[in-house]
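Please describe the protein shown below in a short report.

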Amino acid sequence: FNDGMGFTLTVQSAGGGQLGKLVADVDGGLSPFGRDLMRIFANSISQRLIDYNRERRHMAKFFPPSTVSELLSDPGYMKKHLSPRVKDIAILYADINSFTKICEQGLRRPDLIGEFVDLWSEGAVRIAWEHGGVFDKMVGDCLIVHFGPPFYRLSPARCAREAALTALEIQRFTAGLGRLPRYRGLAGKVGLKGLGVAVGINLCPAAVGLFGPNHDFTAFSSGMNQTARLQSKAGFRETLVMSSAREA
């Protein structure tokens, strides 16, 4: 608000909470021209904060908080780090074993199925982030993760290694879900030895970056398709690794 002697801008978050205030006091008050300048300045700051928060929420879909902060600290981050480019990356596909059977014969209710997938995917993405992975998307119950983007600081061999370590941890995490009270006995109910995932890992060149009208961070290559086919061949709690990743 403008009281004639100065200008106060209250900055609020998208949820309505107050983030802070910007206050300008001028001896003798502000002239009409000064008030207009302050109004323009305040509106510019307000819009930039709105844009910044929007960008942060969008980037948080794919990257861990520390990576989002590093990206947004560079005004040119979009072109410098996220514009499409061809790079060697490690790719991980992870799919819950016998998910259809778990849904149809075990969980049955849509809300319970959604709760299970939400819990599993949140834990799996957290593990991937801890190993430097980037979340691409979920296709049904299949998780897709890249290793390398957005800064490409790791060697291809290190990317492949982090993908393999991620697979091992996701396997342990998924097996552990079967010991939670709410899911104890679920595997036996549908004739499984336990809960597990089938994983495929590849190391290959791909076009990586923001694509499409929604600016989703994803990758395209024949290697992506190969990884999907490899993962579909994996059995119970099995991780299959393409020769390129194994050799690296």
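His-58 sits in helix α1, which covers residues 32-59. Helices here are DSSP runs of H or I with at least four residues, strands are runs of E with at least two, and both are numbered from the N terminus. His-58 counts as buried because its relative accessibility is 18%. The cut-offs are under 20% relative accessible area for buried, over 50% for exposed, and in between for partly exposed, with a 1.4 Å probe and protein chains only. Residues up to four places away in sequence aside, His-58 touches Asn-214, His-215 and Asp-216, where contact means heavy atoms within 4.5 Å.

The model is a predicted one, in which local features need pLDDT of at least 70 and side-chain atom pairs count only at pLDDT 80 or more, while totals for chains, interfaces and linings use all residues. Residues are numbered from 1 along each chain as its sequence is written, and side-chain values use heavy atoms, with hydrogens and water left out.

**The whole protein**

The protein has nine helices and eight strands. It has 248 residues, of which 44% count as buried. Its accessible surface comes to about 13,300 Å², and 55% of this belongs to carbon and sulfur atoms; such areas come from the Shrake-Rupley method with a 1.4 Å probe, and for residues only the protein chains shown count as cover. Among contacts between residues at least 6 apart in sequence, 65% join residues at least 24 apart.

**Buried residues in a helix and in strands**

Thr-227 lies in helix α8, residues 222-233. Thr-227 has a relative accessible area of 0%, so it is buried. Its side chain forms a polar contact of 3.4 Å with the side chain of Asn-202. A polar contact is a pair of N or O atoms within 3.5 Å; within protein, one must be able to donate a hydrogen and the other to accept it, and residues adjacent in sequence count only if both atoms are side-chain atoms. Beyond four places in sequence, the contacts of Thr-227 include Ile-91, Tyr-93 and Met-242.

Tyr-93 is also among the residues touched by Cys-142, together with Ala-94, Asp-95, Lys-137 and Gln-231, not counting residues up to four places away in sequence. Cys-142 is in strand β5 and is buried because its relative accessibility is 7%.

Ala-219 belongs to strand β7, residues 216-220. With a relative accessible area of 4%, Ala-219 is buried.

Ala-164, in helix α6 (residues 156-177), is partly exposed because its relative accessibility is 31%.

| Pair | Apart in sequence | C-alpha to C-alpha distance |
|---|---|---|
| Ala-164 and Ile-91 | 73 residues | 9.9 Å |
| Cys-142 and Ser-121 | 21 residues | 8.9 Å |
| Ala-219 and Ala-207 | twelve residues | 5.4 Å |

**Backbone in the loops**

Most residues other than glycine have a negative phi, and most peptide bonds are trans. Arg-108 is not a glycine, yet its phi is positive, at about 65 degrees. This residue lies in the loop between α4 (99-107) and α5 (110-130), and its relative accessibility of 58% makes it exposed. Arg-237, again not a glycine, has a positive phi of about 50 degrees. Arg-237 is placed in the loop between α8 and β8 (239-241) and is partly exposed, at 38% relative accessible area.

The peptide bond from Pro-149 to Pro-150 is cis, with omega near 0 degrees. Pro-150 is in the loop between β5 (142-147) and α6.

**The largest pocket**

The largest pocket has a volume of about 250 Å³. Of the 17 residues that line this pocket, the closest to its centre are Gly-132, Gly-148, Pro-149, Phe-151 and Leu-154. Two elements give two or more residues to the lining, α2 (65-72) and β4 (133-139); α2 gives the most, with three residues.A pocket is found on a 1 Å grid over the protein atoms alone, as an open set of points where a 1.4 Å probe fits, with protein on both sides within 12 Å along at least five of seven lines, and lining residues have an atom within 4 Å of a point. Grid points are joined across faces, edges and corners, and the volume is the space filled by probe spheres set on the points.

The lining of the largest pocket divides into nine nonpolar, five polar and three charged residues. Here Ala, Val, Leu, Ile, Met, Phe, Trp, Tyr, Cys and Pro count as nonpolar, Asp, Glu, Lys and Arg as charged, and the others, Gly among them, as polar.
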